[in-house]
Amino acid sequence: MSTLQTPRLADHHYSPKVNNLLLAVAALAAAIYVGLLPLIAFWPEIGLRVLWFAVIPLAPMVLLVAPNVWVSVCPISTFQTLGRRLGWKGGKRISPEVSGRLQTIGWIMMFLGIPTRHIWFNTIGWATAAVAIAITLLAVGVGLFYFSLSGWCVGACPIRPIEVLYGQFARERNRPEMCTTCDACVPSCIRIRPENADAEMTRLPLTQHLTYGFPGFVAAYFLLDLLYICNVEHVFFGTSTDAPAHLGIHALTVYGGMAAGFLVTFLLFHGLRKLGANKKTLILSAAVAAYCCYYLGVVPEIVEAWALASVWGWVMLAVPFTVLGAVLFVPGSTKRRFVPLKVHNS
Ligand code: SF4
C-alpha cells in the first residue's frame, strides 16, 4: 500500500488531540454497547429502557450539530473499522453504482424497520439483542471486504438516512475520526460535506419522496403510542394491561398507521413543490419537521418509561428545541482547516 500525497480533495479533519479523544470515546461507547447487549437480552425491562429511552433519544441532537462526531463514536462504525485498525489491508473499493444501490436499500430498510420497534424491538429484549449482534457481525465482515466505512456505514445502514437528513444543519464539519486519512472509499462522500447532503435526497425521485413522507411517518409512529392505538409499550411499562390480541392485526395497524402518516406529509410537501417551493428548502423543512415530531413524541415516552413526574417532560423538551433553535438561528460557521488529503492507493 502506498500513500499518495494527492490534494485530490480538500477538506477538514480533527486535530490529533481531538482524534485521540474521539478514539477514547469510541472505545468506551463500544464497551458500553457490548455490555448493554446482555442487559437487553436477559433484563429487557432495564436494557430496553436504557437503549430506546435514554441513549437513542440523544442521537438526533448529535446528528443535527455534529453528524461526523456521531460516526466517529458509533459502536457499529467502530466495529466496521476494527479489522483495518488492527492491520487488515485487504478489501476493495465499491463502485459508485453499488454504493448508490446500497444507500437506497438503507433508505428502504429504515422505512420498513422503524415500525418493527412497535411490533418487537421496543419490548422483546432477546430479539433486539439478536438483531444488534447480527448487524455488528455484518459490519465487521463488510469492513473486511470493503474499504473504510463503505458498504455499511456509508452504504446500507438504515440509520444513515437520518444522519444525512439532519446532518444538513451540521455546525461541526470535520471528517470522522476513522476518515482522517481518507481512502476515498465511496464516491461523492457525504461525510466530507455533510451540509451538502441534500444532494442525496434529490439524487433519486425515490429518496426525495421518502424524505417528504418522513415527518408524517415519525409523527404517526408516536401517535400510535400516545393515542393508545398501539399498546405494547404501555403493557411493557405496566401502565396498561390491554395487550394487542393478534400479531397480524397489530402489525397491520402499525404499518397502516405509519403509511397514513407518511402520506400526509408526502402530499403536503409534494403539493408545495408543485406550487414552486424550492427543493432544498423543502428538504430542510422536512428534516426540521421530523426532528420536532421525534422529540414531541419521544419525551412523553421517556416520562412514561422512567415513571417521571410530567414536569420533567417540559424540562427535557427544552433541550432539543434549544439545540434546534441554536442551529437554525445563531449565526456562525465552523472553523474549517483546509488541508491536502492523503489518499491511500492499494
Ligand atoms: S470517502 Fe473518505 S471520508 Fe468518506 S467515508 Fe470513505 S474514508 Fe470516510
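Ala, Val, Leu, Ile, Met, Phe, Trp, Tyr, Cys and Pro count here as nonpolar, Asp, Glu, Lys and Arg as charged, and the others, Gly among them, as polar.

**View 1. The shell around the ligand.** This is a predicted model, in which local features need pLDDT of at least 70 and side-chain atom pairs count only at pLDDT 80 or more, while totals for chains, interfaces and linings use all residues. Residues are numbered from 1 along each chain as its sequence is written. By class, nine nonpolar, one polar and three charged residues make up the shell around the ligand. Which of the 13 residues around the ligand come nearest? They are Ser 148, Cys 179, Cys 182, Cys 185 and Cys 189; a residue is near a molecule if its C-beta atom, placed from the backbone, lies within 6 Å of it.

**View 2. The whole chain, for orientation.** The chain has 17 helices and four strands, where helices (H or I, at least four residues) and strands (E, at least two) are DSSP runs numbered from the N terminus. Along the principal axes, the C-alpha atoms fill a box of roughly 65 × 50 × 35 Å. The radius of gyration of the chain is 20 Å, which agrees with the value near 20 Å for a compact globule of 346 residues; this radius is taken over C-alpha atoms, and the globule rule is 2.2 Å times the number of residues to the power 0.38. Among contacts between residues at least 6 apart in sequence, 83% join residues at least 24 apart, a contact being two C-beta atoms, placed from the backbone, within 7 Å.

**View 3. Helix H13 and its kink.** H13 (residues 205-226) has 22 residues and reaches 32 Å from its first C-alpha to its last, close to the expected 32 Å, which is 1.5 Å times one less than its number of residues. Where does H13 kink? A kink of about 40° lies at Gly 213, shortly before the proline Pro 215; the bend is the angle between axes fitted to the seven residues ending at a residue and the seven starting there. H13 is mostly covered, with 17 of its 22 residues buried.

**View 4. Two residues with positive phi.** Most residues other than glycine have a negative phi. Tyr 228 follows H13 and sits in the loop between H13 and helix H14 (232-236), with a positive phi of about 60° although it is not a glycine. Tyr 228 counts as exposed because it has 12 C-beta neighbours inside 10 Å. Ala 184, also not a glycine, has a positive phi of about 50° and lies in the loop between helix H11 (160-167) and helix H12 (198-203). Why does Ala 184 count as partly exposed? Because it has 19 C-beta neighbours inside 10 Å.

View 5. Leu 102 belongs to helix H7 and is buried, with 21 other C-beta atoms within 10 Å. Leaving aside its neighbours within four places in sequence, Leu 102 is in contact with Gly 151, Gly 155 and Ala 156. Gly 90 is found in the loop between helix H6 (82-85) and helix H7 (96-113), and counts as exposed with 11 C-beta neighbours inside 10 Å. The C-alpha atoms of Gly 90 and Ala 127 are separated by 33 Å.

Technical notes: Buried ≥ 20, exposed ≤ 12 C-beta atoms within 10 Å, placed from the backbone.
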